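This report describes how one protein chain is organised. Please consult the sequence and the structure below while reading.

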Amino acid sequence: MSLTSEEERVTEQPNAGSTPLVRAHGITKRFPGVVALDGVGIAIHAGTVHALTGENGSGKSTLANVIGGALQPDGGHLEVDGQRRTIATPAEALGLGIVTISQELTLAPTLSVAENVFLGRLPRRRGRIDWNELHERAREVLDGLGVHVDVRRRVGELSVELQQEVEIARAVSSQARLLILDEATSSLSEAATERLLAVVERERARGAAILMISHRMPELYAAASQATVLRDGRHVADVPLPDTAEPALVRLMVGRELGDYYRKRRVEPGETVLEVDGLTTPGGELRPTSLTVRRGEIVGVAGLVGSGKAEFGMALGGAIPSSGAVRVLGREVRLDGPRSALGGGIGFVPDDRKRAALLPTRSVAENFAVAWTDQLTRRGILDARGERKRVAEAIDRYGVVTASPQSRITTLSGGNQQKVVLGRVFARGLDVLVLSEPTRGVDVGAKSQIYQLMQDHAAEGAGIVIISSELPELLGIADRILVFFRGAIHGEFDAAGLEEEEVAHVAVSGTPRGAAA
Amino acid sequence: MTQNDPAPASPSETGAVRARSARDLLGRLSLGRYTGVLVALAVVCVYLSITQEVFLTWDNLMNIVKANTVIFVLAVGATFVIIAAGIDLSTASATAASAMILGLTLQAGWGIALVLIVTILFGVALGLLNGFMITKLKISFLVVTLGTLSIYQSFALVVNGGATISLFGKPGFGVIADFVNTKVGPFPLLLVFNVLLLLAAGGVLRYTGYGRALFAVGSNPEAARLNGINVGRVVLIAYTIAGLCAGIASIVQVGRLTGASAQSDPTLLLTVIAAVLIGGTAYTGGEGGVLGTVIGVIFLGVVQNGLTLSDVSAFWQGTVSGAILISAVGLGVLRERGGSLRLRRAARSPAAGPATAPGSTA
Ligand SMILES: Nc1ncnc2c1ncn2[C@@H]1O[C@H](COP(=O)(O)OP(=O)(O)OP(=O)(O)O)[C@@H](O)[C@H]1O
Ligand SMILES: [Mg+2]
């Protein structure tokens, strides 16, 4: 693509006259077997929101880590305020006012919300921590973000979304000059995302620069004034936003025309594969819920955070205790854990990849095979050759970009980790698949692949339940959409011709649009 | 493949993949991450062979093997437990308790076969008890094994009023004495035994469903559970294996001491755990293996032998092994820090291991 030579277009961007707050020059970063960044340049100006886009594994997080001091480049250099300098550690970056909110949460789970917000900067009086002051200031920061949580609670007890908001509160309270948001919204609901975008705008207006990494196009278009596009570790283009149309931006990212990325196929539904009867959780997060899914059907589940949609998925997968009746092809599935669910033909992919899905210290191969242990062992002995073969096939089929099957899973980009987590469940050939936020942190190209894979499995006769907080995705991929509100299903729609607003209305109010309030 | 149509791999990408697979081959030989310890071991060996002429003699080397067999057997068990992100502090006490059972039953005139079976089963039972309290009663492994460290030791003292049982010349003891003293050609039988134990343990870790499940549980218990692994059972078995190893180790120990000592060697526990950690098994769980443990045991054994040969007071040995432990594990941590801070944090995240989980449920 000839645009590669357009790196110099940086200078045509707004603020071209002023010195960039941070500028990276020809940054190269190699990892064993991969060139993550190959001579990449970027100029980030104060008072702007700068989007950094590209496919999974294109090097976005690596560049963010170099600027944030977490990684040292093998080539190239950084300039801050026009001065050439190295940033050796995250602490040094903090000293320069560069604050990163990363894809991976970095909170201390056993400390309170307030302690986490002010970690390393606890207010002191006469050498002692001033707890009242700490709690007050933490409450102020969180109120300012519109987040309501007891600041004394241990962070480990909070939901992923709240944890992410605490992480954001920490960054915001530090008066950053450059705020790096590396997929900070990937575990946020729409409402929380809105709040974050408001904060981003506030910070920008204050004069801070924001480097925003996200796979969610609408956010980038809403917030950013320019975008730098990376592909395979190389700088592809700098383009103005929102003036560059989405298809054009996507084309820069993936290097080809993507077209309609749902490519929804209508499959004639077959026999009933899943029957759920009065499924409920003891804590009441999920009130008795019933549902049937037929072979070939993709059922979308929508709802706000806390609506019970996440618990519905977890209960089906046996991840949390529940009662009621679940039948697969007429056979009762015991509700006493993931093992019974799997044995009964229900595969579950949790939404929190890091906490509940990855084996961080193991290889890509083992992260696949952990879901196949029973299929790969005979009388306890592992079929090593069979495993190698299946892993190789899965890497190929699910398009996982990895240096080798033996690479540690944590060396993969977030989107590629997600493909492993999904692929291992898909590859079991189960009758029912329950997928919670399956495309979180996944790039447009890979999303499209995942949608196609879901439809392939549906066409092969699986019944699929997809739980998502992204409405466009549900409308694009599902045949039928259920909306949860306060623990129960409050609306059911045929997805054909459905509008987002109709679903959103039920999700927010529990009643269909147009009904008397 | 046709329907996903991913961007075709660029030539440079395939080249990188090829370079990578060569590296993987080296990695599979598993010397890569042991390089540090192996280099240190080589340095110590060269130094000793220059300064101590006895060091490189066959007899001395085989002595090292025999003197470290108890440690090795226990370290194999500890490797399983540590991979599961736990630790078994009771292992030396369990060995002493099993040794007393061996001594008492043999003294009481039981047949040797029965004595050996009872001793090993006793060790297994002690491990099961640890595992039961940790997995079923959900008490933190630190609390449980710290408690049984004291209880098992106390049991060993109580059963015979604290007295050592001398077994020299007792009927049946000859079998045990043969086990620790016989040679197969130039090799001590214990060396052959150690090799077999290594192969068995390595085989279990690498080529069985249980081995995979153990690593998965140590790496992320929640992910393991969601993939249908019975986490409690896997952990229970790990502690039971440690108990089994304590039973076996007690037989070797009784053979070498020609008696059952009620008091366990105070440095034994440290040495065992140090050997495992020096060998690259991470205390955070989900990583490591018995090959590293062998290297750790040999390293500590050689250093100990060197100190003895150089007439350094035995009192110094604790300082030396402690310092080696800290530097070996510390260097590992430093090396990782060179990687990505974030990755390391991720690996230590809240749910990453029972290292934190059981504590909160206790
Ligand atoms: N510590 C590491 N060791 C080895 N390879 C790594 C490491 N970190 C990243 N990589 C590799 O570098 C490349 C770029 O990764 P990076 O995380 O920057 O991608 P990304 O653009 O952030 O992707 P995503 O959108 O999936 O988060 C990938 O191929 C990844 O596998
Ligand atoms: Mg990333």
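Between domain 1 and domain 2 of chain A, the count is one salt bridge, that is, a side-chain nitrogen of Lys or Arg within 4 Å of a carboxyl oxygen of Asp or Glu. A:Glu470 forms a salt bridge with A:Arg216, and their closest N and O atoms are 3.5 Å apart.

This is a predicted model, in which local features need pLDDT of at least 70 and side-chain atom pairs count only at pLDDT 80 or more, while totals for chains, interfaces and linings use all residues. Residues are numbered from 1 along each chain as its sequence is written, chains are lettered from A and ligands numbered from 1 in the order in which they are written, and side-chain values use heavy atoms, with hydrogens and water left out.

Chain A is divided into domain 1 (3–97 + 176–254) and domain 2 (272–356 + 430–509), with bounds from an automatic or database domain assignment. The contact (heavy atoms within 4.5 Å) takes 14 residues from domain 1 of chain A and 12 residues from domain 2 of chain A. The C-alpha centres of the two domains lie 35 Å apart. The area buried between them is about 980 Å², of which carbon and sulfur atoms give 53%; buried area is the accessible area (1.4 Å probe) that two parts lose on being put together, summed over both. A:Asn56, A:Glu190 and A:His215 supply 39% of the area that domain 1 of chain A buries against domain 2 of chain A, more than any other three residues.

Chain A also contains open sheets. Helices (H or I, at least four residues) and strands (E, at least two) are DSSP runs, numbered from the N terminus, and two strands pair if DSSP finds at least two bridges between them. One open sheet has four strands in the order 14-13-16-17, with antiparallel pairing; another has six strands in the order 6-9-10-3-11-12, with mixed pairing.

| Strand pair (chain A) | Sense | Bridges | Facing residues |
|---|---|---|---|
| Strand 13 and strand 16 | antiparallel | five | A:Glu275 and A:Arg327 |
| Strand 11 and strand 12 | antiparallel | six | A:Thr228 and A:Asp238 |

Helices lie across both sheets. Helix 9 (residues 309–316) of chain A runs at about 115° to strand 13 of chain A, whereas helix 8 of chain A runs at about 30° to strand 11 of chain A. Such angles run from 0 to 180 degrees between N-to-C directions, with axes fitted to C-alpha atoms, for helices over the stretch in contact.
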